[in-house]
Amino acid sequence: GFTTGKSAENKAALQAAVTIQTDEGEYVALGVSDTVKLSKDEMQIRLGSALAKAKSYRIKIATTALQDMAGNKSEEILTDIITVDIAGPRLR
């Protein structure tokens, strides 16, 4: 598992280490309504607003975000491209 500690400072540092890119633009910080939570084996990123349709997104997690129990920092993590493709129900 990975850890960042439980202090408010560590939680803020974790959130600052996660950035998002839209349509291959610059990576930007998460918004104030976005959250990042870390449990023993899982990182959960919740965006405070919905992703727009017909756009592509990537999330980057900096090397400073995570470390193992021995203090070794993780490598930078970059997600695959995320797209929103939600088709509404079709009525017949």
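User: How many bridges join S2 to S6?
Analyst: A word on the basis: this is a predicted model, where local features need pLDDT of at least 70, side-chain atom pairs count only at pLDDT 80 or more, and totals for chains, interfaces and linings use all residues. Residues are numbered from 1 along each chain as its sequence is written, and side-chain values use heavy atoms, leaving out hydrogens and water. Strands count as paired if DSSP finds at least two bridges between them. S2 and S6 run antiparallel, and the number of bridges joining them is 5.

User: What pattern does the protein chain follow along the sequence?
Analyst: Happy to zoom out. Read along the sequence, the pattern is β-α-β-β-β-β-β-β-β-β.

User: How many residues make up the largest nonpolar core, and which strand gives the most to it?
Analyst: A nonpolar core is a set of buried Ala, Val, Leu, Ile, Met, Phe, Trp, Tyr and Cys residues joined through side-chain atoms within 4.5 Å. The largest one holds 11 residues, among them Leu14, Val18, Ile20, Tyr57, Ile59 and Ile61. S2 and S6 (56-61) each supply at least two of its residues. With 3 residues, the strand that gives the most is S6.

User: Is Thr19 buried or exposed?
Analyst: Thr19 is found in strand S2. Its contacts (heavy atoms within 4.5 Å) include Tyr27, Val28, Arg58 and Ile59, leaving aside neighbours within four places in sequence. Buried means under 20% relative accessible area, exposed over 50% and partly exposed in between, with a 1.4 Å probe and protein chains only. Because the relative accessible area of Thr19 is 15%, this residue is buried.

User: What share of the residues of the protein chain counts as buried?
Analyst: The Shrake-Rupley method with a 1.4 Å probe gives the areas, and for residues only the protein chains shown count as cover. The accessible surface of the protein chain comes to about 7,000 Å², with 51% belonging to carbon and sulfur atoms. Of the 92 residues, the buried share is 20%.

User: Where does phi of Glu24 lie?
Analyst: Phi of Asp23 is near 45°, a positive value in a residue other than glycine. Glu24 counts as exposed because its relative accessibility is 67%. Its phi, again positive in a residue other than glycine, is near 60°.

User: How far apart in space are Thr63 and Glu76, C-alpha to C-alpha?
Analyst: Thr63 sits in the loop between S6 and S7 (67-68), and at 35% relative accessibility it counts as partly exposed. Not counting residues up to four places away in sequence, Thr63 touches Lys73, Ser74, Glu75 and Glu76. Thr63 and Glu76 are 13 residues apart in sequence, and the C-alpha to C-alpha distance is 4.6 Å.

User: Over the ring of which residue does the charged end of Lys60 sit?
Analyst: A charge sits over a ring if NZ of Lys or CZ of Arg is within 6 Å of the ring centre and within 35 degrees of the ring normal. The charged end of Lys60 is 4.3 Å from the ring centre, and the ring is that of Tyr27.

Notes. Helix = DSSP H or I, 4+ residues; strand = E, 2+ residues; numbered from the N terminus.
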